[in-house]
Amino acid sequence: MAQAIIGLGNPGPEYRDTRHNVGARALDALAKKLKVRFQRVGGQLVAQGKWRAEVVYLIKPQCFMNAMGPPVARIARKLRLVTGDLIVVYDDLDLPLGRVRVRLKEAREATTACAR
């Protein structure tokens, strides 16, 4: 059974080193550790690797944070993943810098569209 880690962030070099891009940067580090490269799939950057003999997809949507829902839903359907197969990494300005929160939550269907 495959799983996916989705790293949220804003596209473009001006956002690369901002706190808002922590999800995408975490996936860059994980891709390096797994020795995999991202390729464009359906407008998103996707890398496929193995973790403890299981398939894991690393997904970096290529649109702005407030428009992530539909692109993530499309790539999840394409890869035949369900909500329980997804881990989403993103910044939360309500948490102090360096603090991590892990929670289980069902996703609701998003209605915005990715501009890219």
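1. Leaving aside neighbours within four places in sequence, isoleucine 59 is in contact with Ala4, Ile5, Ile6, Gly7, Leu27, Leu45, Val46, Ile75 and Leu79. Bear in mind that this is a predicted model.

2. Ile59 belongs to the largest nonpolar core, which has 15 residues. Tyr57, Ile59, Leu79 and Leu81 have the most contacts inside this core. Two or more residues each come from β1, β4 and α2 (69–78). The largest share is that of α2, with three residues.

3. There is also a second, separate core. This one has eight residues, including Ala31, Leu34, Val36 and Val56. As a general point, nonpolar side chains tend to be buried together in soluble globular proteins.

4. Now helix α1. The helix spans residues 22–34, 13 residues in total. From first C-alpha to last, α1 reaches 18 Å. That is close to the 18 Å expected at 1.5 Å a residue.

5. Which residues of α1 are buried? They are Gly23, Ala24, Leu27, Ala31 and Leu34. Seen down the helix axis, these buried residues fall within an arc of 95°, so they line one face of α1. Lys32 and Lys33, on the other side of α1, are exposed.

6. What covers the buried residues of α1? The cover includes four strands: β1 (3–7), β3 (44–51), β4 (54–60) and β5 (86–89). Leu27, one of the buried residues of α1, is among the contacts of Ile59.

How values were computed: Residues numbered from 1 in each chain as written. Predicted model: local features only at pLDDT ≥ 70, side-chain atom pairs only at ≥ 80, totals over all residues. Heavy atoms only, no water. Expected span 1.5 Å × (residues − 1). Buried < 20%, exposed > 50% of the residue type's maximum accessible area, 1.4 Å probe, protein only. Arc of directions from axis to C-beta. Contact = heavy atoms within 4.5 Å. Core = buried A, V, L, I, M, F, W, Y, C linked by side-chain atoms within 4.5 Å.
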